[in-house]
Amino acid sequence: MDETVSAADANRRFSHILREVREGQSYVVTSHGRPVARIVPADKHEGVASRSRAALLSRLERQPIVNAGRWTREDLYKDNP
């Protein structure tokens, strides 16, 4: 379970928080009561990347196919004002 800590408190207790994160504790940092960051042990970072990738691919699969017409490589590099 993530422990919630304000940004100001996280700043004051940063060394203590890092020690606890090293031992497996996770924190959610809030600013004005809203979550803005998560501090998790480095080995948990792998799961975040794979979940982010899965979310992105899922979103892309739901996007409608757009007919962009025909274009050439040169069209990509043209300067259009």
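This is a predicted model: local features need pLDDT of at least 70, side-chain atom pairs count only at pLDDT 80 or more; totals for chains, interfaces and linings use all residues.
Local features need pLDDT of at least 70, side-chain atom pairs count only at pLDDT 80 or more, and totals for chains, interfaces and linings use all residues. Residues are numbered from 1 along each chain as its sequence is written, and side-chain values use heavy atoms, leaving out hydrogens and water.

**Exercise 1.** Work out whether Thr30 is buried or exposed, and what it touches.

Start with the location: Thr30 sits in strand 2 (residues 26-31); strands are DSSP runs of E, at least two residues, and helices runs of H or I, at least four, numbered from the N terminus. Next, the cut-offs: buried is under 20% relative accessible area, exposed over 50%, partly exposed in between (1.4 Å probe, protein chains only). Thr30 has 12%, so it's buried. Finally, contacts (heavy atoms within 4.5 Å): skipping residues up to four places away in sequence, Thr30 touches Thr4, Val5, Ser6, Ala7, Pro35 and Val36.

**Exercise 2.** Describe the salt bridge between Arg38 and Asp2.

First, the rule: a side-chain nitrogen of Lys or Arg within 4 Å of a carboxyl oxygen of Asp or Glu. Here N to O is 3.0 Å. The pair links distant parts of the chain, 36 residues apart: Arg38 in strand 3 (residues 34-39) and Asp2 in strand 1 (residues 2-6). Then accessibility: Arg38 is exposed at 55%, while Asp2 is partly exposed at 28%.

**Exercise 3.** Find which residues join Asp9 in a salt-bridge network.

Begin with Arg12, whose closest N–O approach to Asp9 is 4.0 Å. Both lie in helix 1 (residues 7-12), three residues apart, about one turn.
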